[in-house]
Amino acid sequence: MSQEAARKCVKCGGKTVRKRMRPGRTIRYRNMNALAVPEDIPIPTCSRCHAEYIDAETAAVLEEALRAAYRRALQQRARQAIDIVTSHISQRRLELLLGLSQGYLSRLRAGAGNPSPELVSHLALIAHDPAVRLQELERYWAHPDGLPEHPAAAAAYLR
């Protein structure tokens with residue numbers, strides 16, 4: 001990287017803003033509060049107060065890298081949740097409960113698919129307490145009308 005002139009930091013007033021690469025940075029991206037920023041992406045940063053300044057050029061590079069990192073994070077989280085849940089139920093039965101096509105979870109576990117954030121969220125909730133959540137799903141789909149309308153009746157129904 002060529003040596004560039006330092007810019008003035010708006011936050012601390014120091015003339016110490018240069019493009020810097022460093023490990024351990026995170027950023028909010030879509031529904032993830034802390035997605036790891038690839039450490040090889042230079043971001044204009046103040047060396048004194050560590051304020052980061054995302055310009056248009058940096059934003060374009062960052063968006064492409066974050067999109068790929070987000071997709072990998074979803075794939076990893078889906079694999080982890082599938083492994084936990086399928087210790088309690090077969091993959092095929094889980095696919096049926098979630099309305100997924102046959103073999104879809106196998107493809108996700110193999111890294112061959114891109115799960116939606118919604119599916120990863122559902123899998124995460126089920127994986128939090130698989131025995132209870134799977135039983136709740138089984139009861140919900142077994143009932144002809146879904147949940148009863150009254151909240152107290154719905155809570156009792158799911159127990």
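Helices here are DSSP runs of H or I with at least four residues, numbered from the N terminus. The model shown is predicted.

**View 1. Overall architecture of the predicted chain.** The chain contains 6 helices and 4 strands. Along the sequence these elements follow the order β-β-β-β-α-α-α-α-α-α. Of the 159 residues, 33% are buried. Among contacts between residues at least 6 apart in sequence, 50% link residues at least 24 apart. The accessible surface of the chain amounts to about 10000 Å², and carbon and sulfur atoms contribute 52% of that area.

**View 2. The end of helix α2 and the residue that follows.** Helix α2 spans residues 91–98. G99 comes after α2 and has a positive phi, near 75°.

View 3. An α-helix has 3.6 residues a turn, so residues three or four places apart point the same way. The packing partners of the buried α2 residues are α1 (56–85), α3 (104–109), α4 (117–128) and α5 (130–142).

**View 4. The cysteines C12 and C46.** The closest cysteine sulfur to that of C12 belongs to C46, at 3.5 Å. A disulfide requires sulfur atoms within 2.5 Å, so the separation of 3.5 Å is too far for a bond. The count of disulfides is accordingly 0. C12 is partly exposed, with 29% relative accessibility, whereas C46 is buried, at 0% relative accessible area.

Note on methods
Residues are numbered from 1 along each chain as its sequence is written. This is a predicted model: local features need pLDDT of at least 70, side-chain atom pairs count only at pLDDT 80 or more; totals for chains, interfaces and linings use all residues. Side-chain values use heavy atoms; hydrogens and water are left out. Buried means under 20% relative accessible area, exposed over 50%, partly exposed in between (1.4 Å probe, protein chains only). Helices (H or I, at least four residues) and strands (E, at least two) are DSSP runs, numbered from the N terminus. Contact means heavy atoms within 4.5 Å. Accessible areas come from the Shrake-Rupley method with a 1.4 Å probe; for residues, only the protein chains shown count as cover.
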